[in-house]
Number of protein chains: 2
Amino acid sequence: MRKLVSTLTGLEYPFERFEEFADNGEALEVAVAGVEEARPRPGRHIWERFAEFLPFKAMDASASLGEGNTPLVDAGGRLKSFAGVNRLLLKNETQNPTWSFKDRGSLACIFMAQEMGERTTATISTGNMGHSIAAYGARSGIKALVFVPEFAPREKLMAMTMHGATVIRVRAPDYAAMKKEVLGLWKDFKLRIVSGNGPIRTEGYKLTAFELFEQLQGEPPDYIAVPTSACGHIRGLFKGFRELLAAGLIGRLPRMIVVQAANNSPIVSAIKQGVKHVIPFSNFHTVAEAITTGNPMGGDEIIAKASEHGWLAEDAAEAEILEAQRVFAEAGWFVESATATVLCAVRRLRAAGRIGAGDSVVLMLTGAGLKDLDALKHQSFNVIESNLDNVRSDLERALL
Amino acid sequence: MRKLVSTLTGLEYPFERFEEFADNGEALEVAVAGVEEARPRPGRHIWERFAEFLPFKAMDASASLGEGNTPLVDAGGRLKSFAGVNRLLLKNETQNPTWSFKDRGSLACIFMAQEMGERTTATISTGNMGHSIAAYGARSGIKALVFVPEFAPREKLMAMTMHGATVIRVRAPDYAAMKKEVLGLWKDFKLRIVSGNGPIRTEGYKLTAFELFEQLQGEPPDYIAVPTSACGHIRGLFKGFRELLAAGLIGRLPRMIVVQAANNSPIVSAIKQGVKHVIPFSNFHTVAEAITTGNPMGGDEIIAKASEHGWLAEDAAEAEILEAQRVFAEAGWFVESATATVLCAVRRLRAAGRIGAGDSVVLMLTGAGLKDLDALKHQSFNVIESNLDNVRSDLERALL
């Protein structure tokens, strides 16, 4: 038995429901009966090994592009000293097939579409999610339809259309109005329009929790810091650990760290101010362009979870984000600006004593730096200009 | 005992040699005594499991960025029918830390620098290799120095400098003259300047062969198609299989498929024409910008190996490359244009009957499409322009 349950008041809906949120706007999650008895089993892919934790009746390997199985790496001295945290690990989701964490959620969407016999899957996106869904649609032969706002960058549209997605660019007074109008179209078209916080994508993000469980030999970290926008990623990760706890496979839950840009912090501001509802942001600008949901639907769940489970929340100022992006690169990782926020947040929380000296922290590297070249215009960069006559003396100076 | 041996006439040099080629210009490779007795052993990383096959005395996990462990995926119906090959697999090296195959070679360079106590590692690059070395230098605290030609794209310089590399842009009449001058600098500065075809990087590319061995349960594929420029990748892959054969772990070698753009095919032309020496190309243009070495040093080895081992060689025309890049994307993989050449080549070879109907073929996906956005200007792309009033009717038409 599987169903959708709303995350705050427990409203129940059928698993097949098209709409991504409860009628009252709450986030939905999948409840699978018997998860307490679920066990990992041998398998090549993470979704094969943890199939008993997933709600899909069949999962066809031919839908996979080789997502997941991403490295968990010691962050090294430079990042540890910057953050002030000695047990610092990086979960590098940029090593997914479309170079962001979105691929795990897209795989789950394809499993769902296949099970429901749907020929089309739709989304609203400015970037990573649209690219990912386009790739997975191409892989599985399911038509991908991406609604994009006017400001979506040309490179990202090119990636989507290269994959054969149908891209509809919708002119509108603002992105929120565009989203509302588009999401309302599901009914007439019987179209599943997935958002970044739907119950099915969230099932895909659980896989990261299962991988961390394997990579850390069953011992969850103390904290996991996640750049947060639509909220699907952070709640999927946490749901995975909740289910591992319910199954008796771990003895405690990690605490999540909700991270947003200070210029757009609808969840983090609410948590810090101790209120129960998302504080909408509009007309903001941030370099962290992959986390620009100003009024995330279903975001109240995250605020409630933070309170219930002792999560932390922190934001990052624009200059800090750019500095952290550079520090990440100087340690070996070229991440997108949205990802860089987690380093700022953990540094602040450690400095404030909210994270302890001996605590272990995992930073989620959500997207590749190459995805967001626009943000680099804010970074200075220096090249030594030389020529055949001067290269010897220029090298000499460079080596000093 | 370990030494460097030239690949055609067997000249011997010490392992520590700074220069990447023999005095007569031949490619060098590492010979490790006792490889016949080498065995895989348990370990987390591929270089730990195959340590007995590698020449380094110590390999420090803290130099790793989490390279390798990339997926080997069934190519799916679209690519199989396009290529005319039923047993078609993709080894996706774009899921490495800097999103190209270069990371395996860079790791080997860092192991070497650490063992030799070198504080600086240098390279000449227009893109992927410079980016990769910059990242690995940042990770290990070894200064990365990248010499770039005038035409190196700005985005790639930004990635290198973000990682803290020192970038020297050398104006010169042509890239070959610039390379020659820069490589000559090693002596005065006792500087290891690595090329794409040096013996140490090649040891890193062996790791891909070992992974394929593991992923295919000890049964090598019939063919492996590799976009070929400097030649280090293809010979590293093959060297890995040669050593597995010498150790008695496999019963036969795969045959390599050397692939180049027709507009720049110094190796493929030589093999096709049955001559023994590289046919230099200059003043060419190809969209496959990651494989633009017109006169690869040490390339004669590849021609000899092709003859000795029955390798295949094929080139790809410009229009074919762009078509194949689109076909790859329509199957789920957004690869750089240089990578797309392998699909054209395999299609041609199958059509000509050089590859058999039942043969298994692995395509090496060497670099991410995001690395080479310039090439996309040749691709058409189509977006449906809509607005809030028309989005319903536009969707209706899009779903027809």
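Visitor: In which sense does helix 8 of chain B cross helix 9 of chain B, right-handed or left-handed?

Guide: A crossing is left-handed if the near helix is turned anticlockwise from the far one by less than a right angle, and right-handed if clockwise. Helix 8 of chain B passes helix 9 of chain B in a right-handed crossing. The model is predicted: local features need pLDDT of at least 70 and side-chain atom pairs count only at pLDDT 80 or more, whereas totals for chains, interfaces and linings use all residues. Residues are numbered from 1 along each chain as its sequence is written, while chains are lettered from A and ligands numbered from 1 in the order in which they are written.

Visitor: At what angle do helix 8 and helix 9 of chain B pack?

Guide: Two packed helices are described by the angle between their axes and the distance between the axes. Axes are lines fitted to C-alpha atoms, for helices over the stretch in contact, and angles run from 0 to 180 degrees between N-to-C directions. Helices (H or I, at least four residues) and strands (E, at least two) are DSSP runs, numbered from the N terminus. Here helix 8 (residues 199-215) and helix 9 (residues 232-246) of chain B meet at about 55°, their axes 7 Å apart. The two helices are therefore oblique to each other, given that angles under 35 degrees count as roughly parallel, over 145 as roughly antiparallel, 65 to 115 as roughly perpendicular and the rest as oblique.

Visitor: Which residues of helix 8 of chain B meet helix 9 of chain B?

Guide: Two residues are in contact if their C-beta atoms, placed from the backbone, lie within 7 Å. From helix 8 of chain B the residues are R201(B), T202(B), G204(B), Y205(B), K206(B), T208(B), A209(B), F210(B) and F213(B). Among their counterparts in helix 9 of chain B are G232(B), H233(B), L237(B) and L244(B). By class, this helix-helix contact has seven nonpolar, seven polar and four charged residues. Ala, Val, Leu, Ile, Met, Phe, Trp, Tyr, Cys and Pro count as nonpolar, Asp, Glu, Lys and Arg as charged, and the others, Gly among them, as polar.

Visitor: What order do the strands take in the open sheet of six strands of chain A?

Guide: Two strands pair if DSSP finds at least two bridges between them. In chain A the order is 4-5-13-10-11-12, with mixed pairing. Strand 4 (72-74) and strand 12 (312-316) of chain A are the edge strands, each pairing on one side only. Neighbouring strands of this sheet are turned by 25° against each other on average, direction ignored. Strand 10 (residues 223-227) and strand 11 (residues 255-261) of chain A pair in the parallel sense over five bridges, and A225(A) stands opposite I257(A). Helix 9 of chain A lies across strand 10 and strand 11 of chain A, at about 155° to strand 10.

Visitor: How are the two copies of the chain related?

Guide: Two copies of a chain are related by a rotation about an axis and a shift along it. Copies are superposed by least squares on the C-alpha atoms of residues with pLDDT of at least 70 in both. Chain B is laid on chain A with an RMSD of 0.0 Å by a turn of 180° and a shift of 0.0 Å along the axis. The copies are thus related as by a two-fold rotation axis. The same surface serves both copies, since 98% of the contact residues of chain B recur in chain A.

Visitor: How many residues does the contact take from each chain?

Guide: Chain B gives 66 residues and chain A gives 65 residues. Strand 14 (residues 384-387) of chain A pairs with strand 8 of chain B in the parallel sense over four bridges, and there I168(B) is the bridge partner of I384(A).
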